[in-house]
Amino acid sequence: MPIIKDENRVFPNIARRDEISLPAAVKNGDFKGVSDILAKGSAWIIDEVKNSGLRGRGGAGFATGVKWSFVPKPEVSKKPHYLVVNADESEPGTCKDRQIITWEPYKLIEGIIYAAAAISAKTAYIYIRGEFYKEWQILENAVQECYKAGILGSNIDVFVHRGAGAYICGEETALLESLEGKKGMPRLKPPFPAVSGLYGCPTVINNVESIASVPAILKRGAAWYQSMGRENNRGTKLYGISGCVNNPCVIEEEMSVPMKYLIEEYAGGVIGGWENLKAVIPGGSSCPMLPASSCNDVLMDYDALRAAGSSFGTAGIIVINKDCDVIDAICNLAHFYKHESCGQCTPCREGTSWMYYIMCDIRDGKAKKSDVDRLFALTKQIEGNTICALADAAAWPIQGLIRHFKDEMLERCQM
């Protein structure tokens, strides 16, 4: 049985899949009491989001309300403020934001209204992945409906901007560069976007799920949101479960639920049964994998997965069973990161290629046993030495493979 109660769902229409229209959304409670909430002021909105414990759902897990509080007051900055919603969901194994845009676009728009008010922004941009064509149409239609109804336009303008399919533009500063019409390459920080972001103005960039969670928090209260999950890991979460499972799915559950419970209860279990499980990548492709022995009791939250040697990321759970070549699977991810490196930083530009080629040699039985240690040393030289975290994202899956399946890698080597 589900742990989450139906009345606690932040995104009930992902489960129901009812009609997608403004009248249907209003009937289900979207946009109810907007003026009353806005009348409470930006400080109240920020404090309520802070007190809820909402952490960014894009992977980093930074406290959302705290992030908003970094934006200077308009009278201090004397510049326009901007809100940017990151809908460039390109992480392999992650497809939760796509579900929100498809089934709950009005909650995203309502969340934008509150977030913009909190940071004194008059303009918001939704940067959506270029491949999400159908989702872009749904979102654009929802925005236009809200303009016609007078929900948008008076206090906030919202624009939907389509990306061109570059994974690097999921990094917030590369996203800003792309939004400004330049090549998507990460910026050096500081200055941080809260002070100097879009067009050099104070800017907040938040993930779709983070912003779309805000209306429920403001309407039902921080204490309600705090009632779910463990300390420092509060609220509900959309979990995407894919790979070697019988029923790949995206579902909403409370934070801190057991990984095994999610796989067994919602995804129909591992293909071949739980005893056929080999490993799980718990938070999207950039997270180190966990071996089957670690998956029996581990909880799905930031702290538990960090303690287990991985990370929560976007909660994009990728299941690998014993029928899958785990070395080939990570080699495939290494190819992805090699292809998606923007090339700005030498360790990433060169290192992702080297890692991929060594992984290919190990996979194909052409490597020496010493190459495994050489590969690990290479990941450590790349990790933490670039402007953004793409190099880290490329290194961590390989580090997880070596940490837990080094013997298999050595067996595959020639000498």
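Reply: Two strands count as paired if DSSP finds at least two bridges between them. The model under discussion is a predicted one.

Me: Which residue of β3 does Ile128 stand opposite?

Reply: Strand β2 and strand β3 (residues 157-162) run parallel and are joined by six bridges. Within this pairing, the residue opposite Ile128 is Arg162.

Me: On the β1 side, which residue stands opposite Ile128 in β2?

Reply: Strand β1 (residues 82-87) also runs parallel to β2, and six bridges join the two. The residue of the pair that faces Ile128 is Ala87.

Me: What is the handedness of the β-α-β unit that β2, α9 and β3 make?

Reply: The elements concerned are β2, helix α9 (residues 133-148) and β3. With the strands pointing away from the viewer, a clockwise path from the first strand over the helix to the second counts as right-handed. The unit made by β2, α9 and β3 is right-handed.

Me: How many residues of strand β2 are buried?

Reply: In a regular strand the side chains alternate between the two faces of the sheet. In β2, Thr123, Tyr125 and Tyr127 point one way, while Ala124, Ile126 and Ile128 point the other way, and all are buried. For the strand, residues 123-128, the count of buried residues is six of six.

Me: Which strands stand at the edges of the open sheet?

Reply: Five strands form this sheet in the order β8-β7-β11-β9-β10, with mixed pairing. Two of them have a single partner strand each, so one side of each is left without a neighbour in the sheet. The edge strands are β8 (249-254) and β10 (290-291).

Me: Which residue of β10 does Ala279 stand opposite?

Reply: Strand β9 (residues 277-281) and β10 run antiparallel, joined by two bridges. The residue of β10 opposite Ala279 is Pro291.

Me: What is the relative accessible area of Ala315?

Reply: Ala315 is in the loop between α14 (302-307) and β11 (316-321). Leaving aside neighbours within four places in sequence, its contacts include Lys237, Tyr239, Pro282 and Met300. Its C-alpha atom is 6.4 Å from that of Gly284, 31 residues away along the chain. Ala315 is buried, and its relative accessible area is 0%.

Me: What is the orientation of α7 to α11?

Reply: Lys96, Asp97, Ile100 and Ile101 in α7 meet Val208, Glu209 and Ala212 in α11. Helix α7 (residues 96-103) and helix α11 (residues 208-220) pack with their axes 9 Å apart, at an angle of about 45 degrees. That angle makes the orientation of α7 to α11 oblique.

How values were computed
Residues are numbered from 1 along each chain as its sequence is written. This is a predicted model: local features need pLDDT of at least 70, side-chain atom pairs count only at pLDDT 80 or more; totals for chains, interfaces and linings use all residues. Side-chain values use heavy atoms; hydrogens and water are left out. Helices (H or I, at least four residues) and strands (E, at least two) are DSSP runs, numbered from the N terminus. Buried means under 20% relative accessible area, exposed over 50%, partly exposed in between (1.4 Å probe, protein chains only). Contact means heavy atoms within 4.5 Å. Axes are lines fitted to C-alpha atoms, for helices over the stretch in contact, and angles run from 0 to 180 degrees between N-to-C directions. Angles under 35 degrees count as roughly parallel, over 145 as roughly antiparallel, 65 to 115 as roughly perpendicular and the rest as oblique.
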